[in-house]
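Please look over the structure shown here before reading on. The paragraphs below go through it step by step.

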Amino acid sequence: MESIYWPSFFFLLFAALACGFAVAVLLATNIVRMAFYLVLSLASTSGLFFLAGADFVGAMQLMIYVGGTLVLLIFGVMLTSQERFVEMKTMAGDWVLGFIAGSALLATLAWVAFSVPEWRGIDRAAAEELEVEATVAPLAMGLLGARTDGGSEQGYLLFFEVVSVHLLVVLVGAAYLARAKMKRGTAEERTTQVEPGAALPN
Amino acid sequence: MAEIINSVLNWLASWVGLTVASDSLLGFVLAAFVHVGLIINIVAVGALVFIWLERKISGRIQDRLGPTRVGGKFGWLQTLADGLKLITKEDLMPDGADKLLFKVAPYVSFCAAIAAYLAIPFAGGEYPFVAQHVNSGIFFVLAVLGLEVFGTILAGYSSASKWSLFGAMREAAQVVSYEVPLGMCAVVPVLLVGSLDLVYIGNMQEGLFTNWLVFNDPFTFITFFVYCTCATASVNRAPFDLAEAESELVAGFHTEYSGLRWSFFFMAEYGSMFSVSLLASILFLGGWNGPFPVTEWLGLTGEPSTISGVIDSIMQFFGLTAGGTSVAWYLGSLLGAANLIGKATLGVCIMMWIRWTLPRLRIDQVMTTCLKYCTPIAAAMFLGAVIWQYNFPHKNLFGLQDRPEATYAVSEGWQRAGDKVASEGGTDGTEQELEEEVSEETVSLPSEKTVAMSNSVGGGN
């Protein structure tokens, strides 16, 4: 029992869970079950992130992909799926296409992964000495526009943040402009009041 | 007597050393079981107590009779009777239900409620009482608490009942939208302390109750109440319990559930109620630090002191040389855990008080409260806390802060960023004027710091 290396055990466990539920997404025919398996697959992926010491990214994965996006997805599915769309069958041609695309991607990723010398096996002595550093503080400094990794003086994350807030404002403005206008006043006023310059309906 | 105890302990220690410690698998499994057992029992026993408490409190507030027909002092057998009833009820499932998802949904909710406890510390210090010390703990807890809604949606969808679907959609809309102000409120203490680590945030509030972050400045004081409102809404308690409003829907997303599956949803609800109260206590109310530093006065902090010396000598008298300071530290941590659990239980009691006092809000009122009041107020409080921390980093509502290990990471970060900018270019006239204005207001700050800060404001953009 001495020889079990627990990080690899849990890596294999989470990886198997993630891949297994991903295959389950493919094989399921009910659209809500597909979404459910996708949630489990993404949650297992966040377990991989936690295992790798990237706890911020792991929590981000849980919050955004599992908590946010999939709730939206299931909402969309629940509200739009009518009787004939609930069950989905995949055509034979789609299977072939999907198989070609998926295996090409898998081959590329595996080739890249095995070409990195550090990823070929576990150096246990090095792995045990490795200390997980805090990941949040450099991220926070990056958000404030300063880089701490010494690569360059100036970070550019702040500008992306500003742009994203700008996009949010644009979205709110668009929603405000596009919404149905509510006229004030009583029903009688609304029927009689005509804007100056506008053509009369009759 | 002492020799017997000593020999038994020696035997136990050798057994542990030979069998558990030498076998990593057994040790690992044992440790995992202890942790999991503790966490599950927090939720399960917590629900057991809180259900009884809820009946008693509602009985007092609304002049109901409360548990009167069951035995035991104060009717404490009520929850056991409830549990027995729930276990023996028939497990029903609608004909058109999606059988797999219908069965899985309660467990999804329950697992999400339990998983939040993985990262919540119960006592701080050098060796905190926490199952997994996550570096960005508060972020993890908030992320996991948001997953509970997923089980709700699944339950509502798979029940094949339109009432369940309506209830689930209402709850999902409510919980997802209240996560926004909840997160913004939780960011304010993070900003003041400069860390996402819950253990660190709790340890920073050591000392008198004036060090609690709720008393840090007027903005955090208001933020605390906004947090409480949003937390109540995000765990679906009244007055925001429209998802299970029996006056409009039949019973919300769990209409079709019966027996034990139904009770899993309620254990999840009570579990998440307790975890948001724990979070409020750690973020705002000093965590495991009491209103007065009793642990320090008693000398139970882990450093050598009179009390730990006394405990040490008592242990030596009985022949138990386990190391007195570690026992004293353990006692101090237990006191801290009792402190935290007491505060959180008080929070749960206040939630119950609110539930049995206020009427239920309409769905549009729920949304208005979130989007038109809580979110803007939280944003404004965040800005206010930034400005306060910028100008008075060492002051709180009661005057000077007395934080022993305070590092003021945020102000220091600004200063560092400012130094970097200052080394690149000089200041011009307008920034000099700004610096003079700022330095008049801030007495406690050295003027170099304000120069650096005003530079960072001018140069950062």
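Is A:F160 buried or exposed? This is a predicted model, and in it A:F160 counts as exposed because its relative accessibility is 59%, which is over the 50% that an exposed residue has to pass. The residue has its place in helix α8 of chain A, the helix formed by residues 157-178. Computed along the sequence, A:F160 lies 68 residues from A:A92, while in space the two are 43 Å apart from C-alpha to C-alpha.

Within chain A, confidence is highest in helix α5 (residues 92-115), at a mean of 91, and lowest in helix α9 (residues 187-192), where the mean is 55.

Chain B has its own helix α5, made of residues 137-145, and because 9 of its 9 residues are buried, this helix is largely enclosed by the rest of the structure. Among the buried residues of α5(B) are B:G137, B:I138, B:F139 and B:F140, and the list also includes B:V144 and B:L145.

The cysteines are the last topic. A search of the whole structure finds 0 disulfides over all chains. B:C374, for its part, is in no disulfide, and the nearest cysteine sulfur, which belongs to B:C230, is 3.9 Å away, whereas a disulfide would need the two sulfur atoms within 2.5 Å. B:C374 counts as buried, since its relative accessibility is 5%, but B:C111 is partly exposed, with a relative accessible area of 48%.

Terms used:
Residues are numbered from 1 along each chain as its sequence is written. Chains are lettered from A and ligands numbered from 1 in the order in which they are written. This is a predicted model: local features need pLDDT of at least 70, side-chain atom pairs count only at pLDDT 80 or more; totals for chains, interfaces and linings use all residues. Side-chain values use heavy atoms; hydrogens and water are left out. Buried means under 20% relative accessible area, exposed over 50%, partly exposed in between (1.4 Å probe, protein chains only). Helices (H or I, at least four residues) and strands (E, at least two) are DSSP runs, numbered from the N terminus. pLDDT is the predictor's confidence in each residue, from 0 to 100.
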